[in-house]
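Me: I would like to learn how to read the arrangement of helices and strands in a model. Please start with the terms.

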Amino acid sequence: MPSYARKHQLQQSLVYHAFSRSSGRKVIFQEANDFNHFKSLLCEYGNRFGSKIYHWVIMPNHYHLVVEFGNPELISKFMAGLHRAYSHYYQKEYETVGFLWQGRFKLQPIQKELYLKNCGRYVERNPVRAGIVAVANEYAHSSARFYCLGKPDGITQTSPDFAEFGKCLVGRQAAYKEFLKAFDSKEEAYFSAMEIPCGDRDFLRKLIKTGAHYFPRRQGRKAAIFVS
């Protein structure tokens, strides 16, 4: 039977920028153990669902991922399982009840060839924008240290764009540090408006909206229509 990748039109072009925030913007990552437990869940669920997490950050009340799936429709199960598992941990640890997460998580389709590294920069710059650190690789809970310092974290899969930063690892790391410092407000707007997919016209044509999220249309299905 043909694989899912051969059944849809996007093949290896699609990655997702995934985002979720706590209910009421409550701080849900308080102690080192909280961050570490969520990291272990990212590793566990990433392996379970065959995902590639290229960039990520965990902030005190939200998180971002840039993630690729062989079968994009699995991402909803991945996110739901991740949320349930962390909710169970948090409620047991802090003796709380009720909803931990604010409504439905958000998924922004990203065209890998055009926007992957820029979306990764947006994600890893979250702690800088929040005033927590001066430079992204000072923050302990993101993929920035993987790329800038070569620190393995058990989560990050090397982005296919990383090779473009230089011929040797040390050169790539230095160039990536500089890349994280260079950004503009237009780029920030692309990835903060998560209801809008990022890609060229051909990429957008091959998406179809199902419920609140966009998925690659199967071959033979009518294309989604986007109005600019």
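Reply: Angles under 35 degrees count as roughly parallel, over 145 as roughly antiparallel, 65 to 115 as roughly perpendicular and the rest as oblique. Axes are lines fitted to C-alpha atoms, for helices over the stretch in contact, and angles run from 0 to 180 degrees between N-to-C directions. Helices (H or I, at least four residues) and strands (E, at least two) are DSSP runs, numbered from the N terminus. This is a predicted model, in which local features need pLDDT of at least 70 and side-chain atom pairs count only at pLDDT 80 or more, while totals for chains, interfaces and linings use all residues. Residues are numbered from 1 along each chain as its sequence is written, and side-chain values use heavy atoms, leaving out hydrogens and water.

Me: At what angle do helix 2 and helix 3 cross?

Reply: Two packed helices are described by the angle between their axes and the distance between the axes. Here the axes of helix 2 and helix 3 (residues 75-94) cross at roughly 150° and come within 10 Å. Helix 2 and helix 3 are therefore roughly antiparallel to each other.

Me: Which residues of helix 2 and helix 3 meet?

Reply: Contact means heavy atoms within 4.5 Å. Among the residues that meet are F38 and L41 in helix 2, and L82 and Y86 in helix 3.

Me: In what order do the strands of the sheet lie?

Reply: Strands of a sheet pair through backbone hydrogen bonds, either parallel or antiparallel. Two strands pair if DSSP finds at least two bridges between them. In this open sheet the order is 2-3-1-4, with antiparallel pairing. Strand 2 (51-58) and strand 4 (106-111) are the edge strands, each pairing on one side only. Strand 1 (residues 14-21) is joined to strand 4 by six bridges, and V15 has I110 in strand 4 as its bridge partner.
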